[in-house]
Amino acid sequence: MGFDLESLAEALSGAIGALVSTTILYPLDTCKTKYQAELKAHHQQKYRNVSDVFWEAISSRRVLSLYQGLGTKNLQSFISQFIYFYGYSFFKRLYLKETGNKRIGTTANLVVAAAAGAVTVIVTQPLDTASSRMQTSAFGKSKGLWKTLSESSWKESFDGLGISLLLTSNPSIQYTVFDQLKHRLLKQQQQLSRASDKDSSPEALSAFTAFVLGAVSKCIATCVTYPAIRCKVMLQAADSEENGVEDSEKPKTVSGAIYGIWKREGLFGFFKGLPAQNLKTILSSALLLMIKEKITKTTWILILALRRYLFITRTRIRSV
C-alpha cells in the first residue's frame with residue numbers, strides 16, 4: 001500500500017516546525033516546568049514566579065542548564081509531531097474518501113484529531129516523562145536519557161499516561177479551531193479574488209496570519225485544559241526536594257496530584273504558571289504552524305523528487 005505521500009509531507013513539515021520551535025523556546029519551557037513542579041504553600045515557595053528560575057540559573061552560573069534535556073525533548077517533539085500530523089492528515093483524508101464529503105465537519109475533526117493524538121501519546125510517553133524529569137532536576141544534575149529511563153521501571157516511564165490521553169483534547173481543540181479559521185479566511189480571500197476578476201486564488205496563509213491563528217487557537221486550548229497540564233507536570237517531576245516535595249510525598253496518581261495542589265496551594269494552585277504556559281505554548285504552536293504552512297509545499301516537492309529519483313534508480317538496476 002505504501003505511504004500516503006501527502007500525509008508524509010504534512011508530517012515532515014510539522015515535525016520540522018516542532019523541532020525549530022522547541023529549540024528556540026526551550027529555556028522558557030525549562031523555567032516554566034520547574035516552576036509548575038514546585039508544590040509548597042505560598043509562604044514557603046522557592047519560586048515566586050517563572051523569572052525566579054531564570055535568575056537562579058544566572059546567579060548559580062548554570063545558564064546552560066536551562067537546556068538540560070533539550071536533546072530528549074527535541075527527539076520527543078519530532079517523533080510526536082511526525083506521528084500526529086501523519087495520523088491527522090491520513091485519517092482526515094480517509095474520512096473524506098469514505099464519506100464522499102468535500103470537507104470535514106467540526107465533530108469529525110475533533111474525533112480524528114483525538115485519535116491521532118492518542119496514538120502519539122502512547123508511542124512517545126516514555127520520552128515525555130524523561131524530558132520532564134530532566135528539566136525538573138537540579139541545575140547541573142540532570143542525567144542522560146538512557147540513565148533517566150533505566151533508573152525507572154517500565155510502569156514509571158508511563159507516569160501520567162492517563163492524563164496525557166486526556167490532554168489529547170488540547171491539540172484536538174487547537175487544530176480544529178486553526179483549521180476552521182484557516183478555511184474561512186481562505187474562502188473569504190477566494191471570494192474577494194473572484195470579485196476582483198483575478199484568476200488565481202490563495203493556496204496558503206501568509207506567515208503572519210498563520211502565526212496569529214496559531215496563537216489564538218492554542219490560547220483557547222491551553223486555558224481549557226491547564227489544570228490537567230499542571231497535574232501532569234507534578235506526576236512526571238524529578239523525585240527530589242528541589243521541587244519542594246519529599247520523595248515520599250510526591251504525587252503518584254492524578255487524584256494525589258489534585259489533593260496535593262488543593263491542600264498546599266488552594267484553588268488558584270491549579271492555574272499556577274498559566275501565563276507562562278500560555279506564552280510558551282502559544283509562541284511554540286504559532287511558530288510550528290507558521291513554519292509548517294511555509295514549508296509544506298517545499299517538502300511535498302522534495303518528496304516527489306526523491307520518489308522520482310528512487311524510481312529511476314530502481315529501473316536502471318533492474319535493466320542491468
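Residues are numbered from 1 along each chain as its sequence is written, and side-chain values use heavy atoms, with hydrogens and water left out. Because the model is predicted, local features need pLDDT of at least 70 and side-chain atom pairs count only at pLDDT 80 or more, whereas totals for chains, interfaces and linings use all residues.

Helix α7 covers residues 169-195, and α8 covers residues 207-236. Their axes, which are lines fitted to C-alpha atoms, for helices over the stretch in contact, with angles running from 0 to 180 degrees between N-to-C directions, come within 8 Å and cross at roughly 155 degrees. The two helices are therefore roughly antiparallel to each other, on a scale where angles under 35 degrees count as roughly parallel, over 145 as roughly antiparallel, 65 to 115 as roughly perpendicular and the rest as oblique. In passing α8, α7 makes a right-handed crossing; a crossing is right-handed if the near helix is turned clockwise from the far one by less than a right angle, and left-handed if anticlockwise.

Helix α8 also contains Val-212, which belongs to a nonpolar surface patch together with Phe-208, Val-216, Ile-220 and Val-224. Patches are made of residues with over 30% relative accessible area and no salt bridge, like charges being joined within 9 Å and nonpolar side chains (Val, Leu, Ile, Met, Phe, Trp, Tyr) within 5 Å. The five residues together have about 450 Å² of accessible area, as given by the Shrake-Rupley method with a 1.4 Å probe, where for residues only the protein chains shown count as cover. Val-212 itself is partly exposed, at a relative accessible area of 33%; buried means under 20% relative accessible area, exposed over 50%, and partly exposed in between (1.4 Å probe, protein chains only).

The next stop is a loop. Most residues other than glycine have a negative phi. Arg-61, although not a glycine, has a positive phi of about 55 degrees. Arg-61 is found in the loop between α2 (50-59) and α3 (70-99), and with 77% relative accessibility it counts as exposed.

Side chains of opposite charge can pair when their charged atoms come close. The structure holds eight salt bridges, a salt bridge being a side-chain nitrogen of Lys or Arg within 4 Å of a carboxyl oxygen of Asp or Glu. In one of them, Lys-46 meets Glu-56 at 2.9 Å, N to O. Lys-46 lies in the loop between α1 (5-37) and α2, while Glu-56 lies in helix α2, so the pair ties together parts that are ten residues apart in sequence. Lys-46 counts as partly exposed, at 42% relative accessibility. Another salt bridge joins Lys-92 and Asp-179 at 3.4 Å, N to O; since Lys-92 is in helix α3 and Asp-179 in helix α7, this pair ties together parts that are 87 residues apart in sequence.

Asp-128 lies in helix α4 (residues 106-136) and Lys-232 in helix α8, so parts that are 104 residues apart in sequence are tied together, and both Asp-128 and Lys-232 are buried.

Ser-77, in helix α3, is buried with a relative accessible area of 7%, and it stands 34 Å from Ile-312, which is 235 residues away in sequence. Ile-312 is placed in helix α10 (residues 274-319) and is partly exposed, with a relative accessible area of 31%. Between Ser-77 and Gln-36, 41 residues apart along the chain, the separation is 20 Å. Ser-21, in helix α1, is buried with a relative accessible area of 1% and lies 30 Å from Ile-258, 237 residues apart in sequence. Tyr-259, in helix α9 (residues 254-265), is exposed, with a relative accessible area of 54%, and is 32 Å in space and 113 residues in sequence from Trp-146.

Methods. Helix = DSSP H or I, 4+ residues; strand = E, 2+ residues; numbered from the N terminus.
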